[in-house]
Amino acid sequence: MTFLRFTDDTGRQHEFALNPQSQRITIGRNLAADLVLGWDVEVSRLHAAVEYLGAQWTIVDDGLSRNGTFVNGERLVGRRRLNPGDRIRLGTTLVHFFDFDGVVDDATHTAAGSLPTMRSLTDTQRAVLIALCRPYKHGTGFATPASNQQIAEELFLSIDAIKTHLRTLFAKFGVETLPQNQKRTRLAALAMQSGLISDHDL
């Protein structure tokens, strides 16, 4: 199951299913777009496209939009492969990419089926996860996971204790082999994508 999830101007949540048979999905304000964000005046008539290439979902904005497209806070230049949990900002609208049946490779080897369950996490591990994800509370595309210092202060634990819990969580979520600068972001994305951490928790 692969889909885009977003909230409209009335606060209603929508999901747009992605199917490899529809290899190009256009996004824009124009009613002719496949995914219409008609309420957002900062979205261009044809803003961006999500395309299925080589068994991977990608997003492309080849200068189509007036205000640009941002993935996880970074302005998109050309084409970019989408990873589960990615946050796409078009105008003022935030769109989340979910992929529970994507191709498994070295970089995204954690499949949804192998993620830990609520019962397999200790109370402290879950508290660390919530604190890690807290900067994403308001759905901002520019958020980054909380630092060890921020988590330690929130939970009244030592930084060494936080590091130990995070190492355990990296292993449980199967992200321990990712580059150091990607582990925390992927852990937060998987925790929220899987539903283990909800907006209500934050």
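**Close-up views of a predicted model**

View 1. Phe6 stands opposite His14 in strand 2. Phe6 also faces Val95 in strand 11. The model is predicted: local features need pLDDT of at least 70 and side-chain atom pairs count only at pLDDT 80 or more, whereas totals for chains, interfaces and linings use all residues. Residues are numbered from 1 along each chain as its sequence is written, and side-chain values use heavy atoms, with hydrogens and water left out. Strands (E, at least two residues) and helices (H or I, at least four) are DSSP runs numbered from the N terminus.

View 2. Strand 1 (residues 2–7) runs antiparallel to strand 2, and five bridges join them; two strands pair if DSSP finds at least two bridges between them. Within this pairing, Leu4 has Phe16 as its bridge partner in strand 2. Five residues separate the two strands of the hairpin, and Gly11 in the turn has a positive phi of about 90 degrees.

View 3. Asp86 lies in the loop between strand 9 (78–81) and strand 10 (87–90). Asp86 is buried yet has no salt bridge, and the nearest side chain of opposite charge, Arg80, is 5.0 Å away. Here buried means under 20% relative accessible area, exposed over 50% and partly exposed in between (1.4 Å probe, protein chains only). A salt bridge is a side-chain nitrogen of Lys or Arg within 4 Å of a carboxyl oxygen of Asp or Glu; Lys and Arg count as positive, Asp and Glu as negative, and His and the chain ends are not counted.

**View 4. Two residues with positive phi.** Asn72 is found in the loop between strand 7 (69–71) and strand 8. Its phi is near 55 degrees, a positive value in a residue other than glycine. At 30% relative accessibility, Asn72 counts as partly exposed. Phe156, in the loop between helix 2 (148–155) and helix 3 (159–172), likewise has a positive phi, near 55 degrees. Phe156 is exposed, with a relative accessible area of 76%.
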